[in-house]
Amino acid sequence: MVSQGYAIVEELAEFGATVHTCSRNQTELNDRIKEWENKGFKVSGSVCDLQVRADREKLMETVSLMFDGKLNVLVNNVGTAIIKESTEFTAEDFSALTITNLESAYHLSQLAYPLLKASGNGSIVFISSAAGVIALPLCSVYAATKGAINQVTKNLACEWAKDDIRVNAVAPGITRTPLKRAITEDFKNNEIMNHLISRIPIPRAGQPNEISSVVAFLCLPTASYITGQVYCVDGGFTVNGFLFGLPIRDLHSPVQSSSSIRDLGSPSSFSFSLQVFTLQVFNLFNHRDLLLFNQPLQALVQSSSIRDLLQFSASAFKSSTSSIIARLLLCFFLAVAGLLHYSRDITL
Ligand SMILES: NC(=O)c1ccc[n+]([C@@H]2O[C@H](COP(=O)([O-])OP(=O)(O)OC[C@H]3O[C@@H](n4cnc5c(N)ncnc54)[C@H](OP(=O)(O)O)[C@@H]3O)[C@@H](O)[C@H]2O)c1
């Protein structure tokens with residue numbers, strides 16, 4: 001399993017770019033560089049802790065020296081996540097996430113600006129996240145840093161277009177990297193992750209090379225008219241509304257007969273029973289006699305007890321207006337059953 005940074009270096013080097021990368025770990029960096037040399041790629045690297053301002057400055061000095069003061073592409077990939085309830089984030093968590101994910105990318109862009117401008121054809125790509133676009137569980141601070149990256153993308157794009165620098169962001173969805181593995185080591189997080197994956201229209205995690213190919217595209221001359229954009233590369237995760245929320249087994253199971261009671265668990269049949277319920281209520285309430293039943297019905301809805309409902313149903317059948325009440329209750333019962341069944345599915 002490789003990280004997205006690794007895949008991005010390979011993708012750009014395969015296009016013939018000369019790449020300089022960085023890592024906190026000298027041994028790992030040396031191993032990777034040797035690997036890339038063997039593949040014939042032009043890749044060098046520096047040891048750098050991107051949380052440290054002085055390290056970032058040193059890194060960009062090295063880059064400036066190596067590339068004669070000109071740079072075509074800056075990819076701000078570094079990022080880390082802390083998974084917690086919002087009430088549990090400490091001040092240290094908050095600053096670690098904002099420094100690594102937001103401040104470092106912002107500062108590197110400032111440092112790279114004169115080099116990108118000097119090249120006459122500069123491009124910055126931020127690696128954001130789907131979590132910066134939609135609300136996901138247990139990651140409010142991470143999400144805030146990525147949401148901020150999305151906005152910085154738009155501001156810098158407008159500010160630096162005059163300098164022939166394009167600025168875009170790629171927002172990956174769930175991607176198979178060491179970061180994802182670290183997050184899901186905890187059983188509860190793994191369960192949440194599996195449920196999130198079941199909500200992706202293309203129901204799987206992405207691969208790092210499915211992200212790096214979009215990064216490379218944004219750096220190429222073919223993307224010369226694209227700036228200020230945030231591309232979600234997420235299998236459709238961020239455009240999913242209500243439709244794809246069921247476990248994968250249900251999404252892929254054969255369509256069942258519409259008369260089957262099990263159909264109450266699918267979103268379409270749920271909305272069907274709700275529509276029927278609504279129509280019946282309107283029809284019945286337009287009927288003057290039935291205004292009498294408005295109050296008990298409301299009381300039942302408030303108590304939302306199935307036993308009350310059945311008792312009411314039994315007594316109603318004894319009354320003279322039994323046929324209309326029976327229809328009303330049957331429809332109401334179906335709607336409640338559908339709601340209970342469906343809400344059980346979405347809280348899995
Ligand atoms: N994987 C996903 O599902 C996913 C989804 C959306 C967005 N993203 C974003 O994609 C980007 C890449 O993440 P990934 O999934 O490839 O994660 P990853 O496998 O954990 O890679 C992150 C890399 O950042 C490095 N790093 C962390 N802090 C650093 C620091 N202070 N200085 C220098 N390097 C540092 C790590 O190096 P060390 O090995 O030294 O720790 C690691 O190589 C991140 O911005 C992440 O937020 C990932």
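**Helix packing and a parallel sheet in a predicted model**

Helix α4 (residues 91-119) and helix α5 (residues 140-160) pack at an angle of about 15 degrees, and their axes lie 9 Å apart. Here, axes are lines fitted to C-alpha atoms, for helices over the stretch in contact, and angles run from 0 to 180 degrees between N-to-C directions. The two helices are therefore roughly parallel to each other, a term used for angles under 35 degrees. The crossing of α4 and α5 is right-handed, meaning that the near helix is turned clockwise from the far one by less than a right angle.

The model is predicted: local features need pLDDT of at least 70, side-chain atom pairs count only at pLDDT 80 or more, and totals for chains, interfaces and linings use all residues. Residues are numbered from 1 along each chain as its sequence is written, and side-chain values use heavy atoms, with hydrogens and water left out.

Which residues of α4 meet α5? Among them are Phe94, Leu97, Leu102 and Tyr113 in α4, which face partners including Tyr142, Ile149, Val152 and Trp160 in α5; contact means heavy atoms within 4.5 Å. By class, the contact of α4 with α5 has 13 nonpolar, five polar and one charged residues. Ala, Val, Leu, Ile, Met, Phe, Trp, Tyr, Cys and Pro count as nonpolar, Asp, Glu, Lys and Arg as charged, and the others, Gly among them, as polar.

We turn next to the sheet. Four strands form an open sheet in the order β3-β4-β5-β6, with parallel pairing; two strands pair if DSSP finds at least two bridges between them. Helices (H or I, at least four residues) and strands (E, at least two) are DSSP runs, numbered from the N terminus. β3 (73-76) and β6 (230-233) stand at the edges with a single partner strand each, so one side of each is left without a neighbour in the sheet. Strands β4 (residues 122-127) and β5 (residues 165-172) pair over six bridges, and Ile124 stands opposite Val167 in β5. Helix α4 also packs on the sheet, touching β3, β4 and β5, and its direction makes about 170 degrees with that of β3. Helix α8 (residues 208-219) touches β3, β4, β5 and β6, and its direction makes about 165 degrees with that of β5.

Finally, Ile82 is found in the loop between β3 and α4. Ile82 and Tyr142 are 60 residues apart in sequence and 7.0 Å apart in space, C-alpha to C-alpha.

Methods: Parallel < 35°, antiparallel > 145°, perpendicular 65-115°, else oblique.
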